[in-house]
Every structure is written in structure tokens, then in C-alpha cells.
Amino acid sequence: MKPTTPRVSRSMPRPQRWGAAELERLSAMVTQPSLFYWRGPQTTALLDEFRRRYPLNFCFPTSSGTAALHVAIAALRLKPGDEVIVPAITDMGSVIGILYQQAVPVFADLEPQTYNLDPADVCRRITAKTRALMPVHLAGNPCDMSALMAIAREHRLQVIEDCAQAWGARWRGQPVGLQGNLACFSFNDYKHVSCGDGGLVATNQLELGTGLGKWGDKFYDRETGGRDPLELAPNYRMSEPQAAVAAAQLTKLEQIVANRHRAGTRLTEQLAGAAGLRLPSVQTADTHSYWFYLLRLDRERLAVSRDEFAQALTNAGVSCTPGYIPRPVYRYPVFQQHNFFSGHWPVRELGLTQMDYRQVRCPEAEAILEDSVKLTINEAMDDAYIDEVAAVVRDVARAAAR
């Protein structure tokens with residue numbers, strides 16, 4: 001492909017993510033007699049900031065988003081061989097806790113333009129062993145929670161919302177995470193708000209919430225001081241330094257999300273109608289918080305490969321990568337070989353599941369990963385920069401047209 005014009009005229013703007021707000025809380029933290037999370041002032045401040053935005057009564061801060069999801073799965077008290085339906089495109093963190101609790105991830109296909117769980121395919125994947133759904137609001141685009149919650153009610157399933165990539169996203173005006181039984185968030189270094197690594201799991205349901213903290217704290221009872229656990233649980237506690245930074249970050253959330261939403265929305269407006277491009281779809285009543293921007297290529301209308309298209313963008317100064325994850329999760333070697341526990345998968349060896357990931361197919365998910373290009377979005381990008389990026393993308397598409 002010939003070099004494109006125009007070219008992005010400046011380096012990608014980068015936000016200054018940490019500053020006075022974080023330093024103020026960290027300075028207060030170093031005067032504390034303890035950095036332990038339980039009733040610590042920084043952890044308390046974090047939970048207060050979180051509940052101002054997400055009215056969920058029972059919350060437990062964790063060491064990572066993956067840990068938050070594991071705690072949520074544990075709280076459901078699934079039996080070995082029980083099934084949890086998850087999207088075929090997600091981070092490994094969504095499924096690790098399912099496997100460690102000896103449950104079975106069941107992968108469902110995605111909608112072609114939202115990149116979220118396809119409710120129709122979810123229905124096709126339900127069996128007598130299905131116990132829960134895990135909608136993942138991929139890249140900050142809210143799932144079709146109306147359809148998914150209707151399925152859950154019909155089949156008496158629990159719902160864990162994976163909101164790791166969706167800080168500030170809204171479904172029909174409400175923050176994502178309020179529709180399901182449990183909500184999980186991530187403070188990983190690459191998320192909208194971050195303390196390096198960390199997470200949070202929350203619920204409004206009494207029967208799940210009263211023991212939520214135990215599942216991430218060795219099943220110790222901090223209320224009574226009991227250190228003689230009745231059940232097995234990992235240690236996923238967050239420390240006070242992490243909580244101090246996370247609490248400060250949450251005070252910036254609204255502005256961060258507003259800037260990302262503006263940038264992503266403007267990019268869609270600027271690219272609308274460009275030949276050979278299929279843009280992400282967002283429901284009218286929803287708010288996408290754009291952790292990244294994933295567009296798809298109409299290969300029948302373009303004379304280049306996905307990788308060549310992405311390389312042309314890179315050559316013109318656009319920050320992007322070909323695709324998102326390398327393949328659907330069920331096609332990772334660990335799944336293809338069922339190599340979850342030192343070469344073994346006990347629930348399959350004991351006949352508690354017949355799942356064979358070598359036979360799983362999710363055609364739309366596979367197509368998305370084969371023809372998509374991921375564009376970087378961050379809160380420091382101004383309108384002029386977004387317009388330059390869009391101009392380059394349009395120009396590359398024109399040059400690549402058949």
C-alpha cells in the first residue's frame with residue numbers, strides 16, 4: 001500500500017494520570033499506624049468514593065480484577081461441573097476463577113458490532129448444568145442487559161457483570177454493574193482508573209454480600225476476629241497504599257470518561273460512511289466509555305489484509321494494533337489441551353463434564369478477531385487530534401479499496 005496522506009502531525013497525547021490528589025492521600029497514609037485494609041482510612045475512603053458512583057451496599061476491594069471475579073464466582077457456591085456462560089472474546093481473568101472453583105466456562109458467541117454476548121447464542125448454550133452468566137462490557141460498551149437478565153430470570157441463573165473495561169459506562173442511564181447479582185471492576189494499570197493493580201467486587205444482595213469479604217480474605221471473619229475458617233478461600237486483599245491511589249483516581253472518573261466518550265463518539269462520527277469500515281455499534285440510550293476503539297474491516301471491499309491496513313495506519317502515525325486478543329479464549333493452548341491443573345482437568349476426568357474445547361466454535365467471535373483493528377483512545381486526546389486520526393483512517397480505507 002502506498003504511503004498515506006494526510007499524516008497525524010503530532011505524537012499521541014498522553015494523560016498525566018497521577019498527581020496532587022493521589023499524593024495527598026498517600027501523604028496521609030504514611031502517617032497511619034497500619035497499612036492493613038480492614039477498616040483502614042484509605043480503604044474506607046475508596047469504598048465511599050465507589051458507592052457515590054455505584055450504589056452497591058456490599059463491597060470488597062481486591063488485589064486485581066481477576067481476583068474480584070474469582071471472589072464473585074466463589075460467592076455463588078457453585079458445585080464441580082456447574083457451568084458459567086462467558087463471551088468467547090474476553091481477558092483470561094474472566095475465566096480463571098471459574099476454573100479454580102472447578103466449574104466449567106461455556107463460551108458463547110458475540111454480536112457482530114457491539115462485540116458483546118449475543119443473547120440468542122447464550123440461549124443455545126444453556127444446559128441443565130448452567131448456573132450463571134458473565135456478561136463482559138467489552139471496551140466499555142454496555143451489553144444488552146435487558147435481554148440477558150430476562151434469560152437469567154427465565155432459567156434462574158445468577159449474573160456476574162464483568163465491568164473491568166467499563167468504568168463509567170452506562171446502560172440506559174444507569175452505571176453498568178447494577179443489573180446483575182454481582183459486579184466486578186479492575187484498577188489495573190491500563191484501565192480508566194488505576195492504582196497499578198487492584199479490583200473490587202460488589203453486590204446489593206444480602207445472601208451474597210454478607211460473606212463477600214470472607215471469600216477474598218482466607219474466609220476469616222473480620223467482624224468477630226475469627227481466624228478459624230469454615231471454608232477454603234484465597235487471600236485477595238487490597239492494601240492501604242493501593243486503596244489511597246484508587247480512591248483519588250475515582251474522584252477523576254467522570255471527567256476521564258467524559259473525555260473518552262467524546263473522543264470515541266467523534267471518531268465514529270468522522271468515520272461514518274467510510275468505505276470498507278464497520279464501526280462499533282452503541283445502543284442509543286447507552287454510554288460507551290471507550291477503553292479502546294475497535295473497528296472491523298469489510299474484507300470484500302478492501303484489497304489489503306487486516307495486518308497491512310493496521311501497518312499503514314501505524315506508518316501514518318496512528319496508534320493501533322491489528323485485532324484485540326490473538327484468538328478466542330477457547331482456542332488458547334491451555335483450553336485446547338485442557339491443561340488447567342498440571343496437565344489435568346479433574347472435573348472432566350471424573351466425568352462431571354463432557355466439555356471438549358477443541359470442538360467449540362463461535363464463528364462471529366472468530367471473524368471479529370480476524371478482521372478488526374484496535375485504535376487507542378485516551379482522555380488526553382482533543383478534537384483536533386481525533387480528527388487527524390479519522391482523516392488518516394479514511395485515507396487508508398480509500399487507498400485500500402478494491
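**A covered strand and a helix crossing**

Strand β8 (residues 182-186) is mostly covered in this predicted model, with five of its five residues buried (under 20% relative accessible area, 1.4 Å probe, protein chains only). Strands here are DSSP runs of E with at least two residues, and helices are runs of H or I with at least four, numbered from the N terminus. Both faces of β8 are covered: L182, C184 and S186 are buried on one side, and A183 and F185 on the other. Residues are numbered from 1 along each chain as its sequence is written. Because the model is predicted, local features need pLDDT of at least 70 and side-chain atom pairs count only at pLDDT 80 or more, while totals for chains, interfaces and linings use all residues, and side-chain values use heavy atoms, without hydrogens and water.

Two strands pair with β8, where pairing requires that DSSP finds at least two bridges. Strand β5 (residues 158-162) pairs with β8 in the parallel sense over three bridges, and D162 has C184 as its bridge partner. With strand β9 (residues 199-203), the pairing is antiparallel over four bridges; here C184 has V201 as its bridge partner.

Turning to the helices, the axes of α11 (residues 306-315) and α15 (residues 383-400) come within 10 Å and cross at roughly 135 degrees. Axes are lines fitted to C-alpha atoms over the stretch in contact, with angles from 0 to 180 degrees between N-to-C directions. In α11, F309, A312 and L313 meet V392, V393, V396, A397 and A400 of α15 (heavy atoms within 4.5 Å).

Definitions and conventions
Buried < 20%, exposed > 50% of the residue type's maximum accessible area, 1.4 Å probe, protein only.
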